[in-house]
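Please go through the structure shown here.

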Amino acid sequence: MYGVLKMAGCGLAPQEREAWWGHLCGLCTGLRKQFGQPARLATNSDAALVIALYEAQAEEPIPKKNSFCVLHRPLTRRVKNTRWVDDPSHPAVRYAAGAAMLSAADKLRDNLQDDPSWMRGARRPVRWLAGHWRDLAEEYLAALGFQAGLVEGQFQRQAAVEAQAGGDFGSYSGPTELAVGAVFAHTARMQGRVGNYDPLFAMGRGYGRIMLLLDAYQDYELDAQRRQFNPLAAAFPDQDWRQAAQELFHQAHRQLREAVAALELPNPVLLNKLLLHQLGKTGHRALASGGTLGLCHATAAEGVNQGRGGTLRA
C-alpha cells in the first residue's frame with residue numbers, strides 16, 4: 001500500500017480528524033503489539049482505511065483505549081503524549097495490521113528488486129526481514145479468515161504483467177486492483193454483510209488503480225532516469241501521459257463513488273469524507289503539482305515512514 005490518504009486529516013472536521021487519527025494510531029499500536037517495535041514502520045493510511053471500512057459497516061464504533069506515544073507532539077511538554085486510539089486487540093485493527101505487514105514485506109522486496117543501490121550493505125538482512133514479515137502476516141491473516149495468497153499471488157504476477165509490452169494501464173494496474181479489492185471485500189465477511197462484498201471489491205479495484213496511478217505519476221521522471229518500468233510510460237508512450245493520468249483518475253474515482261453508493265453502511269460519515277471528498281482533493285492536487293501528495297501536519301504514526309508512496313523507502 002502507498003499511503004494515498006496520508007494527508008487526509010488536514011481537510012476533516014475536528015471530530016472526524018480525531019476518529020481518523022484514532023484509526024492510524026490504533027494501527028501503529030497494533031503493529032507494535034502484534035509484530036514488534038520495528039513493525040510500526042509499516043503504518044500507512046491505506047491500511048488505516050481498512051479500519052474505517054470495517055467501522056462504517058458496524059452498528060457500534062470500535063472501542064478506544066488511551067495510548068502513550070512519543071511521536072505525538074514530542075517537542076512540547078505542555079501537552080501529554082497520549083491519545084485515544086482504536087483498541088489494538090479489536091479484529092478490525094488486527095486485520096489492518098496484518099494487511100499492512102503483508103504490504104510492507106512486498107514493498108521491501110520491490111525496493112530491493114527495483115534499485116540495486118537501495119540498502120546497499122544490508123540487502124541480505126532486509127531480504128530476510130521481508131520474508132519474515134510476510135510469513136508472520138500470512139499466519140496472522142489466516143487466523144482472521146483471510147487467505148493471504150489472494151494478495152501474494154497478485155504481487156507475484158506483477159512482474160510478469162510488467163514484462164508484457166503494449167498493454168494498457170488497466171492491464172498493468174490489474175494485480176494491484178485485485179489485491180486491494182480482496183483486502184477491502186473481506187471486511188464485509190468479517191461484519192457478516194454479504195451484500196457489501198461485491199461493491200467493496202469494486203471499490204478496492206478503483207482505489208488500487210488510483211494508488212498505482214498516483215505512484216506512477218509521482219515517479220515518472222525518476223523511473224525514466226533509472227530506466228525502470230513505469231505503467232504510465234508503458235501505456236502511453238506516444239501520448240500526453242499527464243492528460244491520460246487525469247482521465248484515468250476521474251474514471252477510477254467515479255467507479256469508486258458508484259461502489260460506495262451501493263454499500264449498506266450504518267456509519268458512513270468518515271468513510272464518505274475520506275473517499276468521496278479527501279481522495280478527490282488528493283488526486284487533483286497531486287496531478288496538478290507534478291505528483292506530490294502535498295504537505296500538511298503529518299500524522300505521528302506516518303511521520304516515521306514518509307518515503308516513496310508513503311511506505312518503506314529510503
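## Overall make-up

The protein has 11 helices and 2 strands. Helices here are DSSP runs of H or I with at least four residues, strands are runs of E with at least two, and both are numbered from the N terminus. Read from the N terminus, the order is α-α-β-β-α-α-α-α-α-α-α-α-α. Of the 314 residues in the protein, 55% are buried. Buried means under 20% relative accessible area, exposed means over 50%, and partly exposed lies in between, with a 1.4 Å probe and protein chains only.

The model is predicted: local features need pLDDT of at least 70, side-chain atom pairs count only at pLDDT 80 or more, and totals for chains, interfaces and linings use all residues. Residues are numbered from 1 along each chain as its sequence is written, and side-chain values use heavy atoms, with hydrogens and water left out.

## Helix α7

Helix α7 covers residues 197–218 and has 22 residues. From first C-alpha to last it reaches 31 Å, close to the 32 Å expected at 1.5 Å a residue. The expected span is 1.5 Å times one less than the number of residues. Of the 22 residues of α7, 16 are buried, so the helix is largely enclosed by the rest of the structure.

Glutamine 218 belongs to α7. Its relative accessible area is 32%, so glutamine 218 is partly exposed. Leucine 287 is 69 residues away along the chain, yet the two C-alpha atoms are separated by 8.5 Å.

## Second largest pocket

The second largest pocket holds about 340 Å³ of space. Its lining has 17 residues; the closest to the centre are Ala19, His23, Glu55, Pro61 and Leu270. Two or more lining residues come from each of α1, α2 (45–56) and α11 (269–288). Helix α1 gives the most, with 6 residues. By type, the lining divides into 8 nonpolar, 4 polar and 5 charged residues. Nonpolar covers Ala, Val, Leu, Ile, Met, Phe, Trp, Tyr, Cys and Pro; charged covers Asp, Glu, Lys and Arg; the others, Gly among them, are polar.

The pocket search uses a 1 Å grid over the protein atoms alone. A pocket is an open set of points where a 1.4 Å probe fits, with protein on both sides within 12 Å along at least five of seven lines; lining residues have an atom within 4 Å of a point. Points are joined across faces, edges and corners, and the volume is the space filled by probe spheres set on them.

Histidine 23 is found in helix α1. Its relative accessible area is 0%, so histidine 23 is buried. Serine 45 lies 22 residues from histidine 23 in sequence and 8.8 Å away in space, C-alpha to C-alpha.

Glutamine 15 is also in helix α1. At 68% relative accessibility, glutamine 15 is exposed. Its C-alpha is separated by 9.6 Å from that of leucine 270, 255 residues apart along the chain.

## Aromatic pairs

Rings of Phe, Tyr and Trp (its six-membered ring) pair if their centres lie within 6.5 Å; planes under 30 degrees apart are stacked, over 60 edge-to-face, and the rest tilted. The count comes to 6 aromatic pairs. In one, phenylalanine 35 and tyrosine 140 have ring centres 5.0 Å apart and planes at 70°, so the pair is edge-to-face. This pair links distant parts of the chain, 105 residues apart: phenylalanine 35 sits in α1 (residues 14–35), tyrosine 140 in α4 (residues 123–142). Both phenylalanine 35 and tyrosine 140 are buried.

Ring pairs also link Tyr217, Tyr220 and Trp241 into a cluster.

Threonine 187 lies in helix α6 (residues 169–191). With a relative accessible area of 0%, threonine 187 is buried. A polar atom of its side chain lies 2.6 Å from the backbone oxygen of phenylalanine 184.

Arginine 227 lies in the loop between α8 (220–226) and α9 (231–235). Although not a glycine, arginine 227 has a positive phi of about 55°. Its relative accessible area is 81%, so arginine 227 is exposed.

Notes: Polar contact = N/O pair within 3.5 Å; in protein donor to acceptor, adjacent residues only side chain to side chain.
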